[in-house]
Amino acid sequence: MNAAAHGAVGILAGGGPLPARVAEAAAAAGCPVFILGFEGFAEPDIIASWPHETVRLGAAGQMLSLLRAHGCTDLVLIGPIRRPSLRSLYPDAEGARILARLGRALFAGDDGLLAALVRILGEEGFTVRGAHEFLSHAVARPGVLGRVEPDTLARSDIARGISVVQTLGRMDIGQGCVVQNGLVLAVEAMEGTDRMLARAGECRQPGEGGVLVKLLKPGQEKRADMPTIGPATVANAHKAGLKGIAFEAGNTLMTDRDACIATANQAGLFLMAVDPASFSG
């Protein structure tokens, strides 16, 4: 990004460490940064060292005013947020207007809602950018990361997982699944990857451990919700008795690439970035 051609980067922050990583990368590129943390989701210690404010999800008027007051022209939506109920939002006047503009997307899946939100932010004069535009180091090229290679059975499970996740993704259900010896142990829905891994561990069959597969949904708005893995994902996969993790190359954020690889090496798990279109078991 050419910092001279843009104003500040506004980071709409959910949980986890990535909002600060995006802030660091934007600042290193010469862009002023302002973080808007969502109350109950953004972690205070993560955003504390940056110019920031905390707002509740329904306060859209306050959000837009703060972003404009800090000269934000580019926005990044990053960090997990649980989808709220309409009753819990308590929208302000601007929030009610935006909810009305979202219309039927409110009752669609996450993809439809996020795509509509990106469109509305664009209509409000902001340019929405993907976190991957700032965090190039966090996005892996195809291949194995770390010391452990998937064996033939694991590659077969990866191929099966790719087919399952792409089918789930077309129905806007989730981004991941766990497969062991061709058997689907668990699929990801609203509960998220960590809880899915816990269920997979409970369902694990005798024999060699399975694999976690994480992919971008077909047609997904990746500026708002790219698949993400971190060291905790690797640790939870190991706890569930899995052999490794396959994730989509170029379309998955690693919250801490070096720590993910180190954790996988220590646990004896493989980490593999795959191209779903060309992967074969």
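The model is predicted, with local features requiring pLDDT of at least 70 and side-chain atom pairs counted only at pLDDT 80 or more, while totals for chains, interfaces and linings use all residues. Residues are numbered from 1 along each chain as its sequence is written, and side-chain values use heavy atoms, with hydrogens and water left out.

The protein chain contains 10 helices and 13 strands; helices (H or I, at least four residues) and strands (E, at least two) are DSSP runs numbered from the N terminus. Of the 281 residues, 49% are buried, where buried means under 20% relative accessible area, exposed over 50% and partly exposed in between, with a 1.4 Å probe and protein chains only. The chain exposes about 12700 Å², of which carbon and sulfur atoms supply 53%; accessible areas come from the Shrake-Rupley method with a 1.4 Å probe, and for residues only the protein chains shown count as cover. Among contacts (heavy atoms within 4.5 Å) between residues at least 6 apart in sequence, 73% join residues at least 24 apart.

An open sheet of 6 strands has the order 6-13-11-9-7-8 and mixed pairing; two strands pair if DSSP finds at least two bridges between them. Strand 6 (143-145) and strand 8 (183-187) lie at the edges with a single partner strand each, so one side of each has no neighbour in the sheet. Neighbouring strands are turned by 25° against each other on average, direction ignored. Strand 7 (residues 176-180) and strand 9 (residues 211-214) run antiparallel and are joined by 4 bridges, with Lys 214 of strand 9 as the bridge partner of Gly 176. Helix 7 (residues 152-170) packs on the sheet and touches strand 7, strand 8, strand 9, strand 11 (244-248) and strand 13 (270-274); the direction of helix 7 makes about 145° with that of strand 7. Such angles run from 0 to 180 degrees between N-to-C directions, and axes are lines fitted to C-alpha atoms, for helices over the stretch in contact.

Strand 13 is joined to strand 6 by 3 bridges in an antiparallel arrangement and to strand 11 by 5 bridges in a parallel one. In strand 13, Ala 273 is the bridge partner of Gly 143, and Phe 270 is that of Gly 244. Both faces of strand 13 are covered, with Phe 270, Met 272 and Val 274 buried on one side and Leu 271 and Ala 273 on the other.

Helix 9 (residues 231-239) and helix 10 (residues 257-267) pack at about 15°, with axes 8 Å apart. The two helices, helix 9 and helix 10, are therefore roughly parallel; angles under 35 degrees count as roughly parallel, over 145 as roughly antiparallel, 65 to 115 as roughly perpendicular and the rest as oblique. Pro 231, Val 234, Ala 235 and His 238 of helix 9 meet Ala 259, Cys 260, Thr 263, Ala 264 and Ala 267 of helix 10.

In helix 1 (residues 18-28), the buried residues are Leu 18, Pro 19, Ala 20, Val 22, Ala 23 and Ala 26. Their cover includes strand 1 (8-13), strand 2 (33-38) and helix 2 (44-47). Ile 46 is placed in helix 2 and, at 23% relative accessibility, counts as partly exposed. Ile 46 touches Gly 16, Pro 17 and Ala 20, residues up to four places away in sequence not being counted.
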